[in-house]
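Open your viewer and get ready to click along. Each stop tells you what to select and what to look for there.

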Amino acid sequence: MASPPPALEILVREPDGFTVWSGPPYPPGSSPPQRLPKTACSATSFSADGARLLATVASASATVYDCRTLAVIRCFELPGLLAAALSPTGMYLQTFQKSSSPQEKNVTVWHVDTAAALYQHYQKSMSKATWPMVQFSADESVACRMMPNEIQFLDPKDFTKGILYRIRMPGIATMQLATAPGSHVAGFVPEAKGVPASVQIFSCSKDAQNQAVARRSFFRCSTVQLHWNKGSTGLLVLAQADVDKTNQSYYGETKLNYLTTDRAFEGIVPLKKDGPVHDVQWSSSGSEFAVVYGFMPARATIFNKKCNPLLELGEGPYNTIRWNPKGRFIVLAGFGNLPGDMAFWDYSEKKLVAKTKAECSVTSEWSPDGRHFMTATTAPRLQIDNGIKIFDHNGSLQFKKMFEKLYQADWKPEAPERFGDIADLTTSLSSLKIEETKKPGSASAQGSKTAQTSSKAPAQTTSKPTAYRPPHAKGSAEVQDKLFGGLAPTGGEMSKNALRNKKRREKQKEKKAAEASGSPADES
């Protein structure tokens, strides 16, 4: 008998602490049940498998919880704590503390269950690109760290063995270990003294590290984002330059490169529109990836592992793409400085399901079961209108809650395989489409106008350009419609008073014209 799927849970952090909600669906008008009372903290995060939860208090402590019972496993008192991270299964805790001298080792890997310090080294500084210092594969069988001019490999089962072997990469600035499985590692070397920047892929096997498996060089590159697929066979490299020499973008220049470990492809992803690459994401299977790119309105395309386009998702005000964990549904969205438009696509059917909006969203993510999509407006990015919205897979809003101030909202990670097949999510599109046989003038057609604009894909029709209207005049037609109950004047048949005023204005114009020409006006 198959085991029941795990319950969905949401981590919510506010200024006075964090709590854990039971996941949707929620009965109408009810508040989400809280599994844990609010607990003070400065930062929180789950382990990659969702087994454990980390809560830290800046410069003070790090506490690890068991996500199944939400009981405290271990509390570490760590003066001067600046950063902390759990390993993928939550077995190890990595911390970074203030250090007064190089002799004081400030990076520590702890065993959570025993509280033993397994490994330590000194690190002068820490950034988002280099944290965590020690990277683990998903099953924690491989561990490595980036040091000046090289990548060093450690034994996670016995850190006392020290450095097992090294990969020499002079000038390395960024490293990314493939996690599922941990078979390869990629390193980035910035350009220097006329030598182009490069990304190189090496095997993690001790016997096969002498030569790079794949390599890609490029100019005009200051930083990169490295995205491994599931299976560790393909690497997407988003190369970013601070300055766009073509002067087309104030925000610099971006190029998307693709490398495979079998050297089947090494080059630039063929994008059909000029402009920046806004977002890129692999599917859960690791066999396709989606890209949002180009000057606004941006374009979205799905490619296969051979870098051939599979599906065009059209153009629109989008800069974000989210592929649900089951690989069935895709959300295209425009967040940040864009108005919040969202388009829900059914990838298996190759069709647009619905369109809706989530204004001012800062973060967004699918639930582990692929049935719900959550957006959150959080501080400090936005100090007002903080809140959480949860949509169904077909784009309908299921839940909304506002906060005075919200810092974080995250799903608890779970393996998608533990949930039922996505086939039970298939719904009849008849409930999403508007019947076209109804007359436009009928009451039912007017009542369904709002639903039609949100759930039915708009037809690509060309409209005639309209005259400029100042901002204060926009929406005046809707205001008049509300004031007059749909009977606002339309400019057709004029009333008697309007005709009398029109004649008076015409006579005044004739009189002024006659005075200007010097001839007496006709009296009638």
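You are looking at a predicted model, in which local features need pLDDT of at least 70 and side-chain atom pairs count only at pLDDT 80 or more, while totals for chains, interfaces and linings use all residues. Residues are numbered from 1 along each chain as its sequence is written, and side-chain values use heavy atoms, with hydrogens and water left out.

Now for the rings. Rings of Phe, Tyr and Trp (its six-membered ring) pair if their centres lie within 6.5 Å; planes under 30 degrees apart are stacked, over 60 edge-to-face, and the rest tilted. The count by this rule is 21 aromatic pairs. One of them is the stacked pair of Tyr92 and Phe136, 5.4 Å centre to centre with 10° between the planes. Tyr92 belongs to strand 9 (residues 92-97) and Phe136 to strand 12 (residues 134-136), so this pair ties together parts 44 residues apart in sequence. Strands here are DSSP runs (E, at least two residues), numbered from the N terminus.

Then select Phe153 and Tyr165. Their ring centres are 4.9 Å apart and their planes at 25°, so this pair is stacked. Phe153 sits in strand 14 (residues 150-154) and Tyr165 in strand 15 (residues 165-168), 12 residues apart. Are Phe153 and Tyr165 buried or exposed? Both Phe153 and Tyr165 are buried.

For a group of rings, highlight Tyr258, Phe265, Trp282, Phe289 and Phe303, which ring pairs link into a cluster.

Last stop: the second largest pocket, with a volume of about 720 Å³. Center your view on Pro276, Val277, His278, Asn319 and Asn337, the closest to its centre of the 26 lining residues. (On a 1 Å grid over the protein atoms alone, a pocket is an open set of points where a 1.4 Å probe fits, with protein on both sides within 12 Å along at least five of seven lines; lining residues have an atom within 4 Å of a point. The volume is the space filled by probe spheres set on the points.) Which strand gives the largest share of the lining? Strand 24 does, with four residues.

Technical notes:
Grid points are joined across faces, edges and corners, and a volume is the space filled by probe spheres set on the points. Buried means under 20% relative accessible area, exposed over 50%, partly exposed in between (1.4 Å probe, protein chains only).
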